[in-house]
Amino acid sequence: MTPIGGYYELELTRGAHRYHTTPYTFKSGRSALHYILQLVKPSLVYVPFYTCNGLLESFEAAQTHYLFYEINHLLEPDELPELGPHEYFLYINYFDVKRQFVQRLSDKYRDRLIVDCTQAFFMKGNGWSWFFNSCRKYFGVPDGSFLYAPQHINLSGYSGRNEQYLVSHLITRFNDHVQEGYRAFLENEVLCGTEITGMSKLSEYLLSNINYEMVIGKRYSNYSYLDTVFREQHLFPPEGRDDCVPMVYPVLLNKPVSRKLFGDHQVFIPTYWTDVRERDYPGFEIEKLVSDHLLPLPIDHRYNQVDMERMVKLIKNLT
C-alpha cells in the first residue's frame, strides 16, 4: 500500500542504463562469495596469497577451509593444482587485465572456478564458472555486487535488500571534502560485510543512471595516456586489451613510496594490500614486493588527461 502524505523521499528515478544482465545481486563481494561457499560447500578452496583479508572473511563466515597459493610476476600461479573431490580454485582478475588467463582457468576448472572480479566490474560471467564483483569500488554507491553462476546451477535461498549502509561519505565527497568523509567510508566498508542479502534499492537506482559507455571510454583514454609515460614500468607485459576495462594503471616502482606524500598534494593512491605483509607468512616474496612497490594509478571516469598530466608530474617529482 502506497503511503499518502507526509514528508518527501529522495527524488531519484530509475534510469535507462544497465550493464550487468544477471538477476543475482548482493550487498558486497564478500556477501556474494559467502553465498557461493554456503551453496557449494567446498571441502577446500585454493586462494591467492596476494589478496586482502576482506576476502578471507567470507571463508570464516562460511567455515570453509582454504589454502594459499603463490603467484609469479605475471600475477599467475606457476603450477595449477589438480582438484580433489569438492575442491575449488579461486582467482582474482587483478585490475581487469587478466581476462585471458581467467578464460584458461575456466576451461580447466569449469564450475569449480570462482573468479573474484572486485577489481574487474565490467567482466561478465561466461556460463561455466562463478564470477562476482563489487560496485562501490568503481562508482559512488553505498553497496552492491553482481553474481554470475554456472548456467546449470539454479540459485535460491536468499532474499531482501540491504538497508544497513551509510551515504554520508558520498555526500561529503560530493561537496568536495575528500578527507573529511574518509572515516564514514571506512565505517561503511564494515557494513558491507559477509551477511547474505541483496543490493540496496539506492545502489540499484544510482547504477541505472550511469552512462557505462562514457565510463569505459574515459578509462581507456586515461589508461592509454599513462601507457605512453609508464610503459617500461608497467607491472608486467599486459595481455591484449580486448574487452578488458582496466581498474587502474599498475606501475611497479623500484622502491616503496609513502602514500602520504601523494595525499599532501590531493592525489589519493591505494595500496594493494598491506594485509599481505602483515600476515607475517614466510615466503610469498613476489606478493610482498608487489604490495610494497606497486603504484596503482587511478584512471576512472572522473578524470581527464589534464588530471593524468598532474599526477604524472607529481610522481616524477616524488620518485
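Lys 98 sits in the loop between strand 4 and helix 3 (99–109); helices (H or I, at least four residues) and strands (E, at least two) are DSSP runs, numbered from the N terminus. This is a predicted model, where local features need pLDDT of at least 70, side-chain atom pairs count only at pLDDT 80 or more, and totals for chains, interfaces and linings use all residues. Residues are numbered from 1 along each chain as its sequence is written, and side-chain values use heavy atoms, with hydrogens and water left out.

Q: Is Lys 98 buried or exposed?
A: Buried means under 20% relative accessible area, exposed over 50%, partly exposed in between (1.4 Å probe, protein chains only). Lys 98 has a relative accessible area of 1%, so it counts as buried.

Q: Which backbone oxygen does the side chain of Lys 98 reach?
A: The side chain gets to a backbone oxygen at 2.8 Å. That oxygen belongs to Leu 74.

Q: Which are the edge strands of the open sheet?
A: The open sheet has 7 strands in the order 1-7-6-5-4-2-3, with mixed pairing. Two strands pair if DSSP finds at least two bridges between them. Each edge strand pairs on one side only, and they are strand 1 (24–26) and strand 3 (66–69).

Terms used:
A polar contact is a pair of N or O atoms within 3.5 Å; within protein, one must be able to donate a hydrogen and the other to accept it, and residues adjacent in sequence count only if both atoms are side-chain atoms.
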